[in-house]
Amino acid sequence: MNEGALTKKDRMHIEIAVRKIDWELDGRIPRARRRQILNELRSNLTEAAQHVGVEQAVQQLGDLKALANSYLELYRSRFDVRAGAFWAFIAYAAIQLLGIALFLAFRAGVAAGGAHGASYSFDLWQGFGQGFGPFAGKVGADGNTFELLIGSPAHLLIVLLAFAIGSTYQGIRARRRT
Amino acid sequence: MPEDGVHDSQLLKGVLSLALMRLLADRESYGYELVTRLHDLGLTEVQDGSVYPALGRLERDGHVTSRLVASTSGAARKYYRLSTTGYAALEHIELAWQSLVGALEPILSKAVPAKPKEALP
């Protein structure tokens, strides 16, 4: 059988299966290795599809996640970029939530103190100068307008730290497990 | 030879590397071809998805080497062949396998009784 026997739909089906595995490997094994694995899988799947049909060929791979995990056991990188990105996001979200909570408490305090005709600002920590963050904000004179710091050097520092710890720890933990 | 579907998948997993190395000792092959060669031997339960990582493991351990060969069917095929250390490893594993089979033979060759004997007092 030759490649002509495969339709566009067949090739799409193969590509979807390959991409599902790629999704699991992305950021977890070195890029060059990942490309080699995917090319080999694509080649074998194409070959199999020509003999037994594309449905059967993909089915014969078994559980795609399990297959991806087998590759991860073999070639996992020292760093798990995806885990790093996840923990960086969590860290940023946590800072923002905490910042909002602090800001609301500050605004309530300002209102309770009978604020009138002036704006009130807070900068919780100025260890490295004003505006370093991460917790700073301002309540407008009317009490309804406000500003909240959502990006600062401190935000960046914490997010980077979370990324570094998350990617390294996850990588080490997974390697130990395997 | 047992009928299709009677091989225990866990047993097969344990000897997959040995089977792959033995097949590669006979002839250089690519992934899907090895799957079909295993199926032709009656090992139809072996899934493609267990063979491909097993080949990767053999390559990582230095037991096989690989090369890409252009294919008429599209993407290049990755052909595997047994390396020098692979031949040595195969010899070692084959001996271990024969020894294991020999050790189990006296137990497995006896007919299985309907129920076990009572424990000795």
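A polar contact is a pair of N or O atoms within 3.5 Å; within protein, one must be able to donate a hydrogen and the other to accept it, and residues adjacent in sequence count only if both atoms are side-chain atoms. Helices (H or I, at least four residues) and strands (E, at least two) are DSSP runs, numbered from the N terminus.

This is a predicted model, in which local features need pLDDT of at least 70 and side-chain atom pairs count only at pLDDT 80 or more, while totals for chains, interfaces and linings use all residues. Residues are numbered from 1 along each chain as its sequence is written, chains are lettered from A in the order in which they are written, and side-chain values use heavy atoms, with hydrogens and water left out.

**Helices of chain A**

D80(A) caps the N-terminal end of α5(A), with a side-chain oxygen 3.2 Å from the backbone nitrogen of R82(A). Helix α5 of chain A covers residues 81-112. From first C-alpha to last, its 32 residues reach 46 Å, close to the 46 Å expected at 1.5 Å a residue; the expected span is 1.5 Å times one less than the number of residues. Among the buried residues of α5(A) are A83(A), A88(A), I95(A) and F103(A), buried meaning under 20% relative accessible area (1.4 Å probe, protein chains only). After α5(A) comes G114(A), which has a positive phi near 75°.

D22(A) lies in helix α1 (residues 8-25) of chain A. D22(A) counts as buried because its relative accessibility is 8%. Leaving aside neighbours within four places in sequence, D22(A) is in contact (heavy atoms within 4.5 Å) with R34(A) and L38(A).

**Interface of chains B and A**

The table gives the extent of the interface.

| Item | Value |
|---|---|
| Residues in contact | 21 of chain B, 23 of chain A |
| Buried area | about 1800 Å², 51% from carbon and sulfur atoms |

Y32(B), Y52(B) and S73(B) supply 33% of the area that chain B buries against chain A, more than any other three residues. Buried area is the accessible area (1.4 Å probe) that two parts lose on being put together, summed over both.

One salt bridge (a side-chain nitrogen of Lys or Arg within 4 Å of a carboxyl oxygen of Asp or Glu) is counted between chain B and chain A. The side chains of R77(B) and E47(A) form a salt bridge at 2.7 Å, N to O. On the side of chain B that touches chain A, α2 (31-40), α3 (48-60) and β3 (74-82) each supply at least two residues, and α3(B) gives the most, with eight.

How values were computed
Buried < 20%, exposed > 50% of the residue type's maximum accessible area, 1.4 Å probe, protein only.
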